[in-house]
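Reader: Hi! I'm new to this one. Could you walk me through it?
Author: Happy to. Here it is.

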Amino acid sequence: MADQDLTERVQELISENPVLLFMKGTPAAPRCGFSMRTVQVLDQMGIEYGAIDVLPALQPLREVTTEISDWETFPQLYVNGELLGGADIVEEMFASGDLAKALGVEQPELPDQPEQPQSAQDLPAQSPPLKIEGSG
Amino acid sequence: MAADLTELKAMIEAALPGAEAEVIDETGTGDHLRAEVRAPQFEGQTRINQHRMVKAAVRERFDDGTIHALTIKVLD
């Protein structure tokens with residue numbers, strides 16, 4: 001069973017920080033590829049977030065998050081008190097725009113995004129249906 | 001013991017009736033697996049809950065050490 005003092009401390013942190021990342025290492029020096037990928041996504045969102053390095057207390061924290069969130073791997077991103085996911089989910093939600101929605105921010109423009117269609121003419125599927133004047 | 005991909009697929013599909021699951025051995029070492037799952041139970045659930053449902057279905061194989069990493073891809 002998870003340490004109760006630590007559990008309470010973690011729950012406090014989650015409720016005090018609207019965006020909180022439990023990660024291996026720090027945002028400046030991630031020590032795991034999954035944590036690094038999550039930090040890279042968050043850094044593009046233009047938001048402030050809290051970050052906690054789990055490495056000094058990995059096993060106790062794993063027990064705590066398993067108990068409170070049914071999730072035992074790190075990183076874990078909490079938004080408004082709820083576990084959003086780990087690296088895979090964060091990246092997928094970033095790509096779909098759902099992460100921006102969850103964070104309440106605009107989807108950032110990415111310089112290295114796949115090339116956009118050259119002009120509106122390349123987007124027939126998104127054009128409104130043509131109006132036929134004078135019919136009916 | 002190497003993971004039995006067919007068993008894992010069956011465990012997911014049994015836990016989530018109506019689901020279609022594919023379990024792939026990404027590295028060929030049997031312990032880093034990828035599950036692609038489509039399930040009617042996912043409707044209206046957050047991504048994290050969808051992943052929890054898949055993990056819960058195969059928890060026994062995590063607990064006994066058969067698998068160490070499972071990447072989950074939810075198909076819409």
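Author: One term to start with: two residues are in contact if their C-beta atoms, placed from the backbone, lie within 7 Å. This is a predicted model, where local features need pLDDT of at least 70, side-chain atom pairs count only at pLDDT 80 or more, and totals for chains, interfaces and linings use all residues. Residues are numbered from 1 along each chain as its sequence is written, while chains are lettered from A and ligands numbered from 1 in the order in which they are written.

Reader: Thanks! How many residues does the contact take from chain B and from chain A?
Author: Chain B gives 5 residues and chain A gives 8 residues. On the side of chain B that touches chain A, the largest share, 4 residues, comes from helix H2 (residues 47–57) of chain B. Helices (H or I, at least four residues) and strands (E, at least two) are DSSP runs, numbered from the N terminus.

Reader: Let's switch to H4(A). Which residues are buried there?
Author: In helix H4 (residues 87–96) of chain A, the buried ones are Ala87(A), Ile89(A), Val90(A), Met93(A) and Phe94(A). A residue is buried if 20 or more other C-beta atoms lie within 10 Å of its own, exposed if 12 or fewer, and partly exposed in between, with C-beta atoms placed from the backbone.

Reader: And what do the buried residues of H4(A) pack against?
Author: Their partners are helix H2 (33–44), strand E3 (76–79), strand E4 (82–85) and helix H5 (98–103) of chain A, together with H2 of chain B.

Reader: What sits on the face of H4(A) turned away from its buried side?
Author: That face carries the exposed residues Ala95(A) and Ser96(A). After H4(A) comes Gly97(A), with a positive phi near 90°.

Reader: How do the axes of H2(A) and H4(A) cross?
Author: They come within 9 Å and cross at roughly 25°. Axes are lines fitted to C-alpha atoms, for helices over the stretch in contact, and angles run from 0 to 180 degrees between N-to-C directions. The contact is made by Phe34(A), Arg37(A), Thr38(A) and Val41(A) of H2(A) and by Ala87(A), Val90(A), Glu91(A) and Phe94(A) of H4(A).

Reader: One last thing: is Pro40(B) buried or exposed?
Author: Pro40(B) is exposed, with 9 other C-beta atoms within 10 Å. You'll find Pro40(B) in the loop between strand E2 (32–38) and H2 of chain B. Pro40(B) and Thr71(B) are 31 residues apart in sequence and 20 Å apart in space, C-alpha to C-alpha.
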